[in-house]
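Subject: Structure handover

Hello,

Here is the structure you asked about. Please open it next to this email; my notes follow below.

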Amino acid sequence: MNDRDSENIAAQFIERGWEITDDENQADVAVVNTCSVREQAEQKAIGKLGHLIWLRKPFGKDFPVVGVTGCMAQNKGENLVKLLPDIDFVAGARQTYKVADIAIDIYNKRKNGITHPPIPKGGKRTPKTSAAFVDVSDDTRSHLYINKHLPILGTKRACAFISIMQGCQMNCSYCIVPKVRGAQRSRPTQDIVDEAKKLAAEGVREITLLGQVVNAFGRELGKTDGITEFVRLLRAINDIDGIERIRFTSPHPAYFGDDLVSSYADLPKLCEYVHLPLQSGSDEILKKMRRPYKTANFLKIVEKLRNAKPNISISTDVIVGYPDETDDDFSQTRAAFKTADFDMAFIFKYSPRMGTESAKLPDSVPEEVKEQRNQILLADLAEQSMRYHDKFVGTTQEILVEAPAKRGENLFMGRTRTHRKAIFKATPKDIATLVNVKIESATVTALEGKIVR
Ligand code: SAH
Ligand code: SF4
């Protein structure tokens, strides 16, 4: 989601005649788009901001203008100015659509020698003398224009994200997202379909729909003939010429109805891959987390999905070390992890977030135990992923070619419909086309093979 918001910010600058550089030393403006989900993400962003500000300091430079946006900006607001008085702006998660205007205004003023309030003698600002512009106001209509800018096209591109909603209406006890992103607001279905058509016309072949509880999209509209608005949206995108593949992330088990399960069998473009966050396999912990399902319901959805599409790949998110998680709770998570047979997973050590319900509880599981549980699940995952990948060896897979691989001459990367990464020899003109690749070997993280023409 942040990647998509960052694309949007970059596109705002380009629309105003600016260029994007990979080299921060060259930048006149630097924007850090931030996450708040875990403490570590916030610490990393603060370190990065400090470094960007430092870029101008020893050299007495006025630039880059340094600003921060996204969830941490929303979460910390004025406190960021106390921490980093030299920062130029703090624009909350609901202001990302106007970041370029804020930054360019500061840039122009500074170029013309206007800083307000002026930098004190010795050049050292305090929170009091900080000139930072702060806007973390609630903007309940931001979802309507937050996606105004398509990703930077021009270069051939196979895949694109579409944010179909903003915010989240759940209240998982550990999660800061509802606080920083606000309540769920869905975009109008037609706007999203139009955006997908434009992307298809630009050569994009794969669309990933994004939302915190993506399958609750349009829930205020209810169901029509037993079909949710989300499934209607999937059907409408399935009908767009040029789009070959559809994915979405992240769905919530509580909204995973049979209409969505059967879409995997009915909609040819819906890829047989789903990222379905479990969080914990212990009903006790799920209840404490305020996740409104039991492990058995979750596993039932997995079973139905595997019946609808036997080769479906399923990945998940798990939190280890939630307050008072016992060895027994953790064993239940491990058991569910095995039964669901996840092929991929993000495993997180619980991190208390200020302002959430669970942050009031003692963070009772010691760091070493969290780390141990993390390692155990990672080892289970490596085994499951390897077993899954081994099954691909000797088969021929339809791959959408995405980009040159990070390493290796003439090597390119693409993905199977099941979202497995594949590496193979190809040419730049293959980008954004579907090719058949005979898989010759596999590692835990990728498949390797040759294009069969
Ligand atoms: N909306 C998505 C998840 C968004 S946050 C969903 O509900 O599935 C991405 C992941 O971060 C979550 O699934 C959860 O596993 C993890 N996460 C969120 N808050 C966390 C916290 N306080 N500590 C550790 N992990 C957390
Ligand atoms: Fe956070 Fe829960 Fe909403 Fe996901 S569903 S964003 S974990 S509150």
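**Around ligand 1**

The shell around ligand 1 divides by class into 6 nonpolar, 4 polar and 5 charged residues. Here Ala, Val, Leu, Ile, Met, Phe, Trp, Tyr, Cys and Pro count as nonpolar, Asp, Glu, Lys and Arg as charged, and the others, Gly among them, as polar.

Some ground rules. This is a predicted model: local features need pLDDT of at least 70, side-chain atom pairs count only at pLDDT 80 or more, and totals for chains, interfaces and linings use all residues. Residues are numbered from 1 along each chain as its sequence is written, chains are lettered from A and ligands numbered from 1 in the order in which they are written, and side-chain values use heavy atoms, with hydrogens and water left out.

Back to ligand 1. There are 15 residues around it, and Gln212, Pro277, Gln279, Asp317 and Ser351 come nearest. A residue is near a molecule if one of its heavy atoms lies within 4 Å of it. Strands E11 (313–320) and E12 (344–349) each supply at least two residues of this shell. Helices (H or I, at least four residues) and strands (E, at least two) are DSSP runs, numbered from the N terminus.

- Aspartate 317: a polar side-chain atom is 2.6 Å from an oxygen atom of ligand 1.
- Glutamine 212: a polar backbone atom is 2.7 Å from a nitrogen atom of ligand 1.
- Tyrosine 174: a backbone N or O atom is 3.1 Å from a nitrogen atom of ligand 1.

On its own, ligand 1 has 540 Å² of accessible area, and the protein covers 90% of that. Accessible areas come from the Shrake-Rupley method with a 1.4 Å probe; for residues, only the protein chains shown count as cover.

**Around ligand 2**

The shell of ligand 2 has 8 nonpolar, 2 polar and 1 charged residues. Among them are Cys168, Cys172, Cys175, Met170 and Arg291. Tyr174 and Gln212 also belong to the residues around ligand 2.

Glu229, Leu233 and Ile237 are among the buried ones. They pack with the other buried residues of H9 against helices H8 (189–201) and H10 (258–266) and strands E8 (206–210) and E9 (245–249). Contact means heavy atoms within 4.5 Å.

Threonine 189 lies in helix H8. It touches Phe217, Glu229 and Leu233, leaving out residues up to four places away in sequence. Its side chain makes a polar contact of 2.7 Å with that of glutamate 229. A polar contact is a pair of N or O atoms within 3.5 Å; within protein, one must be able to donate a hydrogen and the other to accept it, and residues adjacent in sequence count only if both atoms are side-chain atoms.

**Whole chain**

The chain has 14 helices and 17 strands. Its radius of gyration is 23 Å, close to the 22 Å that the globule rule gives for 453 residues, so the chain is as compact as a globular protein of that length. The radius is taken over C-alpha atoms; the rule is 2.2 Å times the number of residues to the power 0.38. Buried residues make up 52% of the chain.

Best wishes

Terms used
Buried means under 20% relative accessible area, exposed over 50%, partly exposed in between (1.4 Å probe, protein chains only).
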